[in-house]
Amino acid sequence: MSEECNNKIGMLYLSATPIGNLEDMTYRSVRILGEADLIAAEDTRHSRKLLSHFDIHTPLTSYHEHNKLEKGPELVEKMLAGDTIVCISDAGLPGISDPGAHLAMLAIEAGINVSPLPGANAALSALICSGLDTTAFTFYGFLPRTGKKRRELLERIKQSPETLIFYEAPHHLKGTLSDLIKALGPQRRAVTARELTKTFEEFNRRTLGELAGYYDEHDPKGEFVIIIEGFDAENEVAAEPEQQLSPVEMVARLEAEGMGHKDAMRETAKKLGISRRDVYQALLNTSSTALTEPASHCSGPPSPEGKA
Ligand code: SAM
C-alpha cells in the first residue's frame, strides 16, 4: 500500500471519474482505486465496467442517495478500523449533484482524513469553454423540478451578478429554458454545453431566447450544462421595454412596422424567447376573448393565420 494509504486509521478519498471520455481518468485515481480496501460506488454495475477497463479489482460496495443514511455510518466504522475507502459516482466528481458530500461530512465528524482525487466535472468544463465570465459564478445543479421552490430560486437569482451554471436532462431542457427566460428575460447571453468530452460534444453560444428557438427546431439529445451570464443592470434596462410587450402586442407592433404576419410571429418568438406555438396560442386566446366580448371591444390582434 502507498504512503498515502498508510495512516493508522483509514481515510476517505473522493475520486473523479470520466464524464464521457475514458482518457480523462487520472493516473493517480487509477493507482489509488487499485490500492484501496474498498470502493463505494453510486452504481456498482456501472462502475465495475469502468474499473475493469483500468484493470482495478478492488471490492465494490454500493453507496447512493437512497442508502446513504445506513451505509454512511458503516463505511465510517470501516475507515475508523483502518480501511481506505474511495467514493466514486457514475460520472464526474462525487458530491456534485451526486452522492458523496454526506459521506465526506460523516468522515470529517469522525476525525477521518478526507482527500480529493480531482478530475472531470461537467460544470467547470462547460464554464471554462463558455466564453462567459469565469471570475465569479454560482453552480445550482438541477433546478427544483417544479412548483414553489423552483419559482423562489429563479426569483432569487434574477439579479445575481455572477455567471449561473445549471445541469439539465435532455427531456427537461426546453421547459427549463422557458422558465429561465420567464425569470431572466430572453436577452441574456447563454451557452448550452452538450455531450462534453464525447464524440458529439457541442457548444451552443446564443441568447437565452435564441437557444429556446433553436431547441424548438432541434430536439435536445444527450447531457447538458447551461451557463448564463449574470445580471448586468445596464443590459437589462436597455432590454426592458421590448421584453415587457406581450406576444400579441409585439406581433402587432412588428406588423405595424411592415413585417408579414408569419415573420412577425417568428420574430416575436425569438425576441421573447418563447416558442412559436406559444405566440400562436397567445394570439388565439386573444382572438377568442375578443369574440366573446361585445363588438365595441373587438379590436384584437390579427388572426394567427394572418387571415381576416
Ligand atoms: N458529478 C457530475 C459532475 O461532476 O459533473 C454531475 C452528475 S449529475 C447526476 C449529471 C448531470 O451532469 C447531467 O444531467 C448533465 O447535466 C451533466 N453532465 C454530466 N456529464 C456531462 C457531459 N458529458 N456533458 C454535458 N453535461 C454533462
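Author: The shell around the ligand takes at least three residues from each of two domains, domain 1 (8–120) and domain 2 (123–237), with bounds from an automatic or database domain assignment. Keep in mind that this is a predicted model, where local features need pLDDT of at least 70, side-chain atom pairs count only at pLDDT 80 or more, and totals for chains, interfaces and linings use all residues. Residues are numbered from 1 along each chain as its sequence is written, and side-chain values use heavy atoms, leaving out hydrogens and water.

There are 19 residues around the ligand, and Asp98, Asn121, Tyr167, Leu196 and Phe224 come nearest (near means a heavy atom within 4 Å). Two strands, β7 (163–168) and β10 (224–228), each give the shell at least two residues; strands here are DSSP runs of E, at least two residues long, numbered from the N terminus.

Now the close pairs of atoms. Tyrosine 167 has a polar side-chain atom 2.7 Å from an oxygen atom of the ligand. Over at leucine 196, a polar backbone atom is 2.8 Å from a ligand nitrogen atom.

How values were computed. A polar contact is a pair of N or O atoms within 3.5 Å; within protein, one must be able to donate a hydrogen and the other to accept it, and residues adjacent in sequence count only if both atoms are side-chain atoms. Helices (H or I, at least four residues) and strands (E, at least two) are DSSP runs, numbered from the N terminus.
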